[in-house]
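Here are my notes on the model, for reading beside the coordinates. Please go through the points in order.

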Amino acid sequence: MAAYLKKIATGPHLSKDLTHDEAKDGMRLILNKEVPDVQAGVFLVALRMKRETDDENKGMLSALREATRFETVSLPEIAEIADPYDGFKRHLPTSPFLLPLHAACGMPAISHGCEQVGPKWGVTHKQIFRAAGIAVDLTPKEAAERLANPKVGWAYLDQSVFCPALHDLIELRRLIVKRPAIATLEKMCGPIRAQKNHLFIGYVYSGYDKQIPMAARHAGYHSCVTVRGVEGGVLLPMHKAQSASVYANGGEDQSVFLNPSDAGIQTNLQYIVPSADCKEAMKEGEPDGRDLFLKEAIHLGLEALSGVRGAAYDSLVYSASAFLYAIGKFPSLADAAKLASAQLDSGAALERFNQASS
């Protein structure tokens with residue numbers, strides 16, 4: 001580790017890049033707790049300040065995947081909904097409810113995350129699912145069984161279960177404050193493996209639309225749809241079109257144009273925002289602020305799954321159909337949106353959700 005730090009932590013002009021194997025070994029040393037926290041922190045921060053190369057990102061991802069507990073599911077394909085592990089604070093996330101919708105559309109789906117992590121420390125999939133009565137402590141085998149269950153077809157899997165060594169770095173990540181590369185790479189551990197794994201993932205900062213597909217290919221994903229979504233998640237802004245970075249079934253990288261009007265979405269609303277009381281409580285850090293945020297997100301998500309038209313319904317239809325269209329499941333965004341709407345209107349998606357909570 002000392003040799004690696006001498007290469008990457010010598011200032012903006014003298015720092016040198018690590019090879020894939022060096023980055024992998026440095027990350028492995030951190031995961032195995034074979035180096036002091038101060039060296040682990042310097043390693044992650046120095047790489048971020050220098051800006052990680054493709055080889056460095058692939059090396060660290062290789063180490064994370066070696067520490068991951070994998071489970072194989074007997075399905076031709078699954079979707080991974082990869083929202084940011086540090087959650088949401090400014091917009092109500094209905095993205096957890098994409099999972100039963102995808103399952104109802106014939107695409108079994110999984111998401112993974114943790115209770116809370118920095119730098120945002122926001123509301124996460126785990127918190128929403130637990131508050132909604134969904135199991136959040138499944139083993140990889142149990143999650144695979146839910147995915148394969150034709151009545152369910154979706155599951156949540158926690159990082160503390162499938163990659164405990166990475167989960168143990170949460171306190172270190174709090175101490176270093178800034179977002180390290182593992183905040184992106186952890187979303188590509190892929191703990192459940194089907195014959196084909198399709199990744200749906202969001203980003204915030206420019207450049208990640210190229211970095212993420214590169215890493216996803218390295219991790220073995222057959223398809224990857226990378227969008228600039230709400231707070232770095234997969235929910236697409238509903239008021240304007242955007243281009244997604246896509247490769248499908250191992251094909252070439254391409255830009256896919258996504259227009260909400262093509263999915264039947266006609267609104268000036270950009271995102272779904274919490275109520276004024278909820279925003280104020282979250283801003284002030286009041287104890288009941290997070291509970292109110294969870295209640296509002298769950299209420300809107302379940303309403304949408306019940307076929308109630310509104311912003312949450314539109315958001316689920318648009319994001320689900322955009323993903324299915326982008327990976328080539330439908331010839332048009334409109335066709336994909338028709339199926340997604342039908343699964344909400346019929347109650348099929350809600351039934352998938354209820355089956356998981358029973």
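**Notes on the model**

1. The lining of the second largest cavity holds 4 nonpolar, 4 polar and 2 charged residues. Here Ala, Val, Leu, Ile, Met, Phe, Trp, Tyr, Cys and Pro count as nonpolar, Asp, Glu, Lys and Arg as charged, and the others, Gly among them, as polar. The lining is made up of D83, P84, Y85, H112, G113, C114, T124, H125, K126 and Y156. Both β3 (109-113) and α6 (125-131) supply at least two residues of it. The volume of this cavity is about 60 Å³.

2. Before going further, note the basis. This is a predicted model: local features need pLDDT of at least 70, side-chain atom pairs count only at pLDDT 80 or more, and totals for chains, interfaces and linings use all residues. Residues are numbered from 1 along each chain as its sequence is written, and side-chain values use heavy atoms, with hydrogens and water left out.

3. How many cavities of 30 Å³ or more does the structure hold? There are 2. A cavity is a set of points, on a 1 Å grid over the protein atoms alone, where a 1.4 Å probe fits but cannot get out; lining residues have an atom within 4 Å of a point. Grid points are joined across faces, edges and corners, and a volume is the space filled by probe spheres set on the points.

4. The largest cavity contains about 70 Å³ of space. Its lining consists of H91, L92, V230, L235, L236, M238, Q270, Y271, I272 and S315. By class these are 7 nonpolar, 3 polar and no charged.

5. Now the overall fold. The protein chain has 17 helices and 9 strands. These are DSSP runs, numbered from the N terminus: helices are H or I of at least four residues, strands E of at least two. The C-alpha trace spans about 60 × 50 × 40 Å along its principal axes.

6. Helices α2 (residues 20-31) and α3 (residues 37-50) pack at about 145 degrees, with axes 10 Å apart. Axes are lines fitted to C-alpha atoms, for helices over the stretch in contact, and angles run from 0 to 180 degrees between N-to-C directions. A23, G26, M27 and I30 of α2 meet A40, F43 and L44 of α3; contact means heavy atoms within 4.5 Å. These residues divide into 6 nonpolar, 1 polar and no charged.

7. G118 and P119 are joined by a cis peptide bond, with omega about 5 degrees. P119 sits in the loop between β3 and α6. K33, in the loop between α2 and α3, has a positive phi near 55 degrees. V177 has a positive phi near 70 degrees, in the loop between α10 (170-176) and α11 (182-185).

Conventions: 1 Å grid on protein atoms, 1.4 Å probe; cavity = no way out; pocket = protein on both sides within 12 Å on 5 of 7 lines; lining within 4 Å.
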